[in-house]
Amino acid sequence: MSKVGQVVKFEVIRSLKKPSFWIAAILVPIAFAVYILICATLGYNTGTSLESGSAVDGLKLAYVDEANYLKNNTFTNEAQNEQTLAKYEKLDVALNDLKQGKLNVLYHIPEDFKDSGQINIYTKNEKNSVLDDYKAPMAALLTASAKSNVNEIDYKIISEEINYNTTAFASDNHVIDQKELISKIIPPAACLALFYILMVVLGNRLAMAVTEEKENRISELLLVSIKPISLIVGKIISLMLVGIIQLIILLIPVGALYILASNQGMIPQEFSFDLDPTRVILSVLVLIASYLIFTAVSVLCGALVSTAKEASNFTGIIVFIMIIPLLLLNIFLDNSNPTLSTVLSYFPISAPMALMLRAIFDNITNIELIIGIIDLTVVSALIIRLATYIFCKNAVDFSVKKNFKNLLGKPRKTWKD
């Protein structure tokens, strides 16, 4: 087995043996699952409470219409049953019946209703709750009365019930539907989310990958038995493999949840999609190239310093620079500044997010994506070479204060390769 392979095997096994890796890997999907479960439970309980609190089937309802606005007193309740409201002429008589338990809900339409737009609701139940809401019956009666006062089309316009049918044309002038739009958005959006997770979860670990041997004072021994380039490349490959393993651990429950939701019919038909293989492949390649340059930059920062604490300080800076395109989202959303978006797409540190955002908003061609992938790969190779050079110069320098001027000199001849 080659030296690079030995380094990769050692680093991957060492990472997988650490409890902290599995805690970080499993904690994210568990946290998501618990969050979804809590939201679903609270949503169900609240919905049930609201439903039971606002249900009026079986209740005795009445109204006093001093404005003479209502045209009828019958509506369809939540149980799809016809329910009639008793009509009272005098408010004080109706309130007296309510207090004596002859009524459960009383609606009062005051004489100035057309000017004030206010309706008073009086209730008396065995159990009162802040979730009780009895507006629905009166709202149904008012809607029916208002509808009878205007033309059908005027009512639809006022109530915003007009249907709009939009036809969109793609750059090649073919009609593009919602399904195709979703299919184009999903691959780059998914890769963008995965890349962000990798940065957040593994950022510190990447920056500290090269400082471990320095802190343990074994970096010089390593360089005697292995070429620096083999050590650095092996570490980068192993770190990327560890990241992929972490993503797989995260995606397994997500995929299982999606399959379960699809089988249960919980995903609306309009959100179905047919992925374009070309778009999927390019998005995955952008993700790999982006993770490569993020790893390479993190390893370079680790090569520059001597302690894990110093290396972790660089992580926030690297992540911040890489998410700058997210702070300039409007530029990619409407392509208002194509020159700036293009510059950000090919500047190595901002390119990952910029390329993915442009792919999400469909203002980048496949050729531009390929150029961006090549750009990230070439720059990553140069950064790896630079990290190797600096690691050779800095391998046995354990001082906190660095003399970066010395890094410009020639590396040790015995470590040159």
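Tutor: What follows takes some labels and sets each value against its cut-off. Keep in mind that the model is predicted.

Student: Why is aspartate 97 called buried?

Tutor: Its relative accessibility is 12%. Buried means under 20%, so aspartate 97 counts as buried.

Student: What makes the contact between aspartate 97 and lysine 102 a salt bridge?

Tutor: The N to O distance is 4.0 Å. The cut-off is within 4 Å, between a side-chain nitrogen of Lys or Arg and a carboxyl oxygen of Asp or Glu. The pair therefore counts as a salt bridge. Lysine 102 has a relative accessible area of 48% and is partly exposed.

Student: How many salt bridges does the whole structure have?

Tutor: The search finds 4. One of them joins lysine 184 and aspartate 362, with the closest N and O atoms 3.4 Å apart. That pair links distant parts of the chain, 178 residues apart. Lysine 184 lies in helix α7, and aspartate 362 is in the loop between α16 and α17.

Student: Why is lysine 184 called partly exposed?

Tutor: Lysine 184 has 21% relative accessibility. Buried needs under 20% and exposed needs over 50%. Lysine 184 falls in between, so partly exposed is the label. Aspartate 362, at 36%, is partly exposed too.

Student: Which residues are in the pair that links α17 and α16?

Tutor: Glutamate 368 in helix α17 and arginine 358 in helix α16, 10 residues apart. Their side chains meet in a salt bridge at 3.4 Å, N to O. Glutamate 368 is partly exposed at 21%, whereas arginine 358 counts as buried at 4%. Salt bridges with shared partners also form one network of Lys184, Arg279 and Asp362.

Student: Which residues make the nonpolar patch?

Tutor: Ile317, Phe320, Ile321, Leu327, Leu328, Leu340 and Val343 make a patch of about 600 Å². α12 gives the most, with 3 residues.

Methods: Residues are numbered from 1 along each chain as its sequence is written. This is a predicted model: local features need pLDDT of at least 70, side-chain atom pairs count only at pLDDT 80 or more; totals for chains, interfaces and linings use all residues. Side-chain values use heavy atoms; hydrogens and water are left out. Patches are made of residues with over 30% relative accessible area and no salt bridge: like charges are joined within 9 Å, nonpolar side chains (Val, Leu, Ile, Met, Phe, Trp, Tyr) within 5 Å. Accessible areas come from the Shrake-Rupley method with a 1.4 Å probe; for residues, only the protein chains shown count as cover. Helices (H or I, at least four residues) and strands (E, at least two) are DSSP runs, numbered from the N terminus. Buried means under 20% relative accessible area, exposed over 50%, partly exposed in between (1.4 Å probe, protein chains only).
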